[in-house]
Amino acid sequence: DADWAETENKLEFMNGMKMKMAVILGVGQMLFGLVLQLCNHRYFGEIHHIYYGWVPEVIFLSATFGYMCVMIVIKWMVDWPARMAHKLTPPSLLEGMTNFFLAPGSVAEDRYLYVSAGFQNAVQLLLLLVAALAVPLMLFPIPILEYRHHKSVAAAAHDDEEAATLLTTTGSADSDAPEKAESHEAFDMSEVVIKQVIHTIEFVLGCVSNTASYLRLWALSLAHAELSDVFWNFAWLRPLVVD
């Protein structure tokens with residue numbers, strides 16, 4: 001709306017809108033990255049990475065910063081003048097997300113966003129629990145499954161080697177048959193575990209850092225808008241004002 005350019009609270013309005021749009025764009029970018037990751041897993045046939053890697057990552061992102069995007073949309077849709085008439089104060093989203101992690105269940109009775117303070121506290125506690133359970137799902141199953149896969153491959157290779165040795169000793173082996181079974185790469189369980197731990201930590205911290213990066217873009221845009229406004233008023237309009 002062009003009329004916002006002539007209002008006294010235009011910077012405050014644009015500040016809040018740009019901040020919320022930056023968060024939504026940041027979370028949308030991370031979800032798009034997860035969609036590309038799913039395509040890669042399907043292309044390479046890594047089904048266990050989908051169930052025990054991709055799905056927990058989507059759950060963690062949706063239960064934390066995805067929930068923040070839902071709160072932003074709900075706050076946009078609420079008729080706050082009508083609620084303020086009933087002595088209900090619009091809650092701060094940044095404060096709400098900080099308390100979501102550090103002080104769960106602390107939504108005040110006069111600062112809730114939807115339904116009631118008790119209901120919002122229950123939903124946030126449930127989402128925090130789901131996000132916490134998604135972390136061990138990202139950590140443990142994939143190394144265990146890869147270890148079991150290696151054991152089964154090694155056992156099959158050992159059986160093939162015994163069969164080839166038996167045929168050789170009995171003299172019934174084909175002259176073109178290989179004398180030894182195909183060698184397999186050594187499996188290092190510690191390397192797989194360390195790789196998965198690093199990937200999990202990187203994803204969890206990446207959710208925070210990517211959102212913060214988009215918030216830095218919001219701050220840069222806000223500073224640019226204020227500088228442009230000052231330059232326009234003082235360098236162009238004021239010198240041209242005729243009394």
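Mentor: Burial first: of the 243 residues of the protein, 26% count as buried, where buried means under 20% relative accessible area, exposed over 50% and partly exposed in between, with a 1.4 Å probe and protein chains only. The model is predicted, so local features need pLDDT of at least 70 and side-chain atom pairs pLDDT 80 or more, while totals for chains, interfaces and linings use all residues. Residues are numbered from 1 along each chain as its sequence is written, and side-chain values use heavy atoms, without hydrogens and water.

Trainee: How many helices and strands are there in the protein?

Mentor: Seven helices and zero strands; helices are DSSP runs of H or I with at least four residues, strands are runs of E with at least two, and both are numbered from the N terminus.

Trainee: How is a pair of packed helices described?

Mentor: By the angle between the two axes and the distance between them. Here the axes of H2 (residues 47-77) and H7 (residues 189-240) come within 11 Å and cross at roughly 30 degrees. Axes are lines fitted to C-alpha atoms, for helices over the stretch in contact, and angles run from 0 to 180 degrees between N-to-C directions. H2 and H7 are therefore roughly parallel, as angles under 35 degrees count as such, over 145 as roughly antiparallel, 65 to 115 as roughly perpendicular and the rest as oblique.

Trainee: Which residues of H2 and H7 meet?

Mentor: Contact means heavy atoms within 4.5 Å. Among those meeting are Phe60 and Phe65 in H2, and Phe203 and Val204 in H7.

Trainee: Is Thr64 buried or exposed?

Mentor: Thr64, in helix H2, is buried, because its relative accessibility is 0%.
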